[in-house]
Amino acid sequence: MMKAKIWSTSIWLLVYVILVTCYASRAFPWGSNAHERITDAACDFLPSEISPFFVKHRRQLAYHSNDPDRWRRELLFRIGLKYEKDLNSGQITADLRQVFEVHRIDFPQNAPVSLRGKEGRWFITVGKQEYPIRKEADKLYLLGDKTAIFENRSAEPVLLGSEEETRFALDIEENLLSLTSLNVYKSGDPAEGPRHFLDIDLYGPYPFVELPHDYDDAVAKFGVETITKRGLATWRIADYTRLLSEAMKSGDTQKIVQAAGALAHYVEDIHMPLHVVKNYNGQLTNQHGVHQRFEDDMVDAYAERIHLTPKRALEIGDPLEAAFDIVLDSYVYANNLLHADRKAKLGEDTYSASYLEKLFRFSGWIAVQRMSDAATATASYWYTAWLRAGKPELK
Ligand SMILES: [Zn+2]
């Protein structure tokens, strides 16, 4: 219905897309809106000594809290849904090839171009470069004219197949709409992905004592490959707490804001229950896509009803142990969330608005709880880094 509204209106306006979902071959983040909200909330729960700095830089902090997702993939452009059929059949039509060429991605003569399709995922490989294509529910923000958009957000122009279709018709009453699209990415740093999760239930039964918390001990026991594949988030958080302390000591505002933003990202990611379990996308229980349905579709659709209630930041005694505690906390929510998705889908053919309404009824509380806890933890990690830096003055 929403879609019909988009296309039927006679007023054509330039619209730009903010990408809210994140590509990763293995894991997903909270949606970028969720990261921004949590990070923004964290700024208000700091002790008075450092609160002014974080409040002053809150917008940048929120922006940088999505950096780690930018490091693992870069959105290039969107292509029309009409190409879904081509991609499924493993073909790159002349039309599609042209879309790539418009974006200056030339397919050299006789270049090995391969397509892999699996569960709605496609990759176009040109030589050594891989271009993953993901079907995602994007949000269209109507933010006024082009200038304003680029000042406000790091937005990407929309391209749906052809030049004429770079414009959408919008009901001007609406400033946020969902639309499913195909997004073309360029793969980023392959080392980045595993830093966003830790599938703790691959390490025996609860409470997972099989896994040593010390990184070197864990590697000695399982090997670096296994440890990496199962996720590195807790160790990344400990490392980034140190990096933030270093940045604070240096007094370089930009460095501090960037490190604090990245640390926030990793801390927030492991609060998402599906970042800590092997069934991270419902793929083991025939609930494919539950990750995005919960953290993007539901969290964005019900944003106004998700009120965060963080607590004041406290000093963290051991940043690594605290991260493992968060993982354990998240773990206990995971089955609740999967169960909510299953119940919400009962009697529904598609993941429609009524599915989403039920999902919110059954699992909205999880989002509220975990996002609030994530804000508390983020503020606490910032505060702890500052204490460890020797309480330098932040400007
Ligand atoms: Zn992430």
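**Group meeting: a predicted model, from loops to helix packing**

Arginine 104 sits in the loop between α7 (94-102) and β4 (113-118). Its phi is positive, about 65 degrees, although the residue is not a glycine.

Asparagine 286 is another non-glycine residue with a positive phi, here about 55 degrees. It belongs to the loop between α12 (253-269) and α13. Is asparagine 286 buried or exposed? It counts as exposed, since there are 8 C-beta neighbours inside 10 Å. As background, most residues other than glycine have a negative phi, and most peptide bonds are trans. On the peptide bond side, the one from tyrosine 206 to proline 207 is cis, with omega near 0 degrees. Proline 207 lies in the loop between β9 (176-187) and α9 (215-222).

Now the overall picture. The protein has 15 helices and nine strands. Of its 395 residues, 41% are buried. Among contacts with a separation of 6 or more, 79% are between residues 24 or more positions apart.

Confidence next. The average pLDDT is 81, and 80% of the residues score at least 70. Over residues 139-178 the pLDDT is below 50, and this stretch has 81 contacts in the model beyond near neighbours in sequence. Residues 1-29 also stay under 50. For them the model has 85 contacts beyond four places in sequence.

Helix α13 (residues 290-301) is largely enclosed by the rest of the structure, because 10 of its 12 residues are buried. Among them are Arg293, Glu295, Asp296 and Asp297, along with Phe294 and Met298. Histidine 35, in helix α2 (residues 32-42), counts as buried because it has 30 C-beta neighbours inside 10 Å. Histidine 35 and asparagine 66 are 31 residues apart in sequence, yet their C-alpha atoms are 6.7 Å apart.

Last, a helix pair. How do α14 (residues 319-345) and α15 (residues 353-388) pack? Their axes are 9 Å apart, at an angle of about 170 degrees. The two helices are therefore roughly antiparallel to each other. On the α14 side the contact includes Pro319, Ile326, Tyr333, Leu337 and Lys345. On the α15 side it includes Tyr355, Phe362, Ile366, Arg370 and Thr384. By type, the residues of this contact divide into 12 nonpolar, four polar and five charged.

Definitions and conventions: Residues numbered from 1 in each chain as written. Predicted model: local features only at pLDDT ≥ 70, side-chain atom pairs only at ≥ 80, totals over all residues. Helix = DSSP H or I, 4+ residues; strand = E, 2+ residues; numbered from the N terminus. Buried ≥ 20, exposed ≤ 12 C-beta atoms within 10 Å, placed from the backbone. pLDDT = per-residue confidence, 0-100. Contact = placed C-beta atoms within 7 Å. Axes fitted to C-alpha atoms, helices over the stretch in contact; angles between N-to-C directions. Parallel < 35°, antiparallel > 145°, perpendicular 65-115°, else oblique. Nonpolar A, V, L, I, M, F, W, Y, C, P; charged D, E, K, R; others polar.
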